[in-house]
Amino acid sequence: MNSHYGCCHPIQCILPPHVVEAIKLRGDEEQRKMAEALAKQAEATRESRQEATPPDSFLAAPVLAMGVAPAVNREVYDGKRRATLPGTLVRAEGEDPVDDPVVNQVYDLTGDVFNLYFDIYRRNSLDGQGSTIVSTVHHRRRYNNAFWNGTQMAYGDGDGTLFQTFVEASVVGHELSHAVVQYSGGLVYRDQAGALNESFADVFGSLSKQYTLRQTAAEADWLVGQGILGPDINGVALRSMKAPGTAYDDSTLGKDPQPYHMDFYLNTSSDNGGVHINSGIPNHAFYLVSQYLGGYAWEKAGQIWYDTMQVINNPLATFNDWADKTVEMARERFGAGSMETVLTRRAWKLVGVDL
Amino acid sequence: MKLFLRIFTGQGITLQGEINLSDLPNDLARQVQATLTPENLTAAAAAQPNPLMVDASEYELVIHPDDPNQTSQRYELVDADDNIDVLEVLDDIMHEIVRRKKGQS
Ligand SMILES: [Zn+2]
Ligand SMILES: [Zn+2]
């Protein structure tokens, strides 16, 4: 069933040098730095994979060797409302819960995300090689954000008015999935490639919540950040994959700007070219495929999207490049005339990405 | 002196508003005067982002002086390790703007 992995060659699978060169030549300064950082990351990943695995077992997605019993390895740090990372280690893997419930929530939710990637996609942690997952809670004062900084996760507490917390299942899954993108060759965090990076993080953030709750596509809420908005905010979440553009409409936050269709694609220079906005389009395509196929979304739609991330090998991918690859992955795994292939293509068409 | 502030939170949400220096609580007003100097702001705006970081916040600050003969100053800042002192004051200002907005409504 992993036939498409057969094409993979160790040096080409993560990031082809000509792509990096192309970005260096035509990208702007900031984009060039992002591409270089990704290339450096890919080089380091390649080197450590060469040490860790025999030559014939190189795979775009490092799949577990037989007989290896991997286990999650978590470290949760307390940032104590300061900016220094990672802060003070308060709970390492296997240790008992501590008094601070936020620490325990991050510990548990991180384990849930690890389980999705390991149980379903046989991925051993963020880098595929059992890396320790490092998280800092209580980052900065009243900080209204959570992020992946290339090495670790950090979660603010929110200001209590606009946001109550950032420690929520789909947000934790979102941030960890950014790491999976990075270790899979990466998608430059700008314009359509950046929106695909954001969308992958939303998709697998939502899937890790669905997997933990054993929800079918029909039962899931398809929200990212459900419940994290403050009590007086008119909204339910940060984003809705089911109905992009409807997550909030508030006097302070404004209205959820996400489009669900290419007709409403937003050309903007802020937010790295609208990466959190235009991600609504691929988000909705994933939602549609999941609804069409029914059952558990992580089984088929999630597998197609995960496979795509492992083989696309193009950090500057456009929506069309990505959509093309999802159809190819559906065909390889489920067959050319399969419902999976036909419905994947149809979902893209419905959001205006015509293949 | 009037401060216009826009913060892109890093999760796709943009917050913005303005406030007079004289409307800030005393402690914060003192911090603003000590920290948001032209030298500090210029240095903070030059801080480089970590290229692998995603979901980073972005800040835009415009300072309108009381004297109409003086020009307004505009700064754009990103999350970086070496400008946190300035960003934290900006977070506190936004918190005050939001608190007042929500208090009025
Ligand atoms: Zn390959
Ligand atoms: Zn993100």
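In this predicted model, helix α8 of chain A is followed by N313(A), a residue whose phi is positive, near 55°. The helix that ends there is mostly covered, since 11 of its 11 residues are buried.

Helix α10 of chain A runs over residues 339–350, has 12 residues, and reaches 16 Å from its first C-alpha to its last, close to the 16 Å expected at 1.5 Å a residue. Its buried residues are E340(A), T341(A), L343(A), T344(A), A347(A) and W348(A). The buried residues of α10(A) pack against α7 (280–293), α8 (301–311) and α9 (319–334) of chain A. Just after α10(A) comes G352(A), which takes a positive phi of about 90°.

Stepping back to the whole of chain A, one finds 10 helices and nine strands. Of the 355 residues of this chain, 59% count as buried. Among the contacts in chain A that link residues at least 6 apart in sequence, 62% join residues at least 24 apart.

Chain A is divided into domain 1, covering 74–183, and domain 2, covering 187–350. The centres of these two domains, taken over C-alpha atoms, are separated by 22 Å. To the contact, domain 1 of chain A gives 26 residues and domain 2 of chain A gives 35 residues. Between them the two domains bury about 2,400 Å², with 65% of that area on carbon and sulfur atoms. On the side of domain 1, the residues that lose the most area to domain 2 are Y121(A), H174(A) and V181(A), which together account for 25% of what that side buries.

The surroundings of F204(A) can be traced residue by residue: leaving aside neighbours within four places in sequence, F204(A) is in contact with L116(A), Y117(A), Y121(A), S177(A), G302(A), W305(A) and Y306(A).

The two chains form a contact as well, and that contact takes 29 residues from chain B and 41 residues from chain A. The area buried between chain B and chain A is about 3,000 Å², of which carbon and sulfur atoms give 52%. Within the area that chain B buries against chain A, Q11(B), L52(B) and K102(B) supply 23%, more than any other three residues.

A69(A) lies in the loop between α2 (29–52) and β1 (74–78) of chain A, and A69(A) is exposed, with a relative accessible area of 73%. In sequence A69(A) and G94(A) are 25 residues apart, while in space they are 16 Å apart, C-alpha to C-alpha.

It remains to consider the confidence of the prediction. The model scores ipTM 0.92 and pTM 0.89. Chain B has a mean pLDDT of 93, with 98% of its residues reaching 70 or more. Among the elements of chain B, the lowest mean pLDDT, 91, belongs to helix α3 (residues 84–104), and the highest, 97, to helix α1 (residues 26–35). For chain A the mean pLDDT is 89, and 86% of its residues reach 70 or more. Over residues 1–19 of chain A, pLDDT stays under 50, and the model has 41 contacts beyond four places in sequence for this stretch. Over residues 53–59 of chain A, pLDDT likewise stays under 50, and there the model has six contacts beyond four places in sequence. Where pLDDT is low, the predicted coordinates should not be read in detail.

Notes:
Residues numbered from 1 in each chain as written. Chains lettered and ligands numbered in written order. Predicted model: local features only at pLDDT ≥ 70, side-chain atom pairs only at ≥ 80, totals over all residues. Heavy atoms only, no water. Helix = DSSP H or I, 4+ residues; strand = E, 2+ residues; numbered from the N terminus. Expected span 1.5 Å × (residues − 1). Buried < 20%, exposed > 50% of the residue type's maximum accessible area, 1.4 Å probe, protein only. Contact = heavy atoms within 4.5 Å. pLDDT = per-residue confidence, 0-100. Buried area = accessible area lost by both parts, 1.4 Å probe. Domains from an automatic or database assignment.
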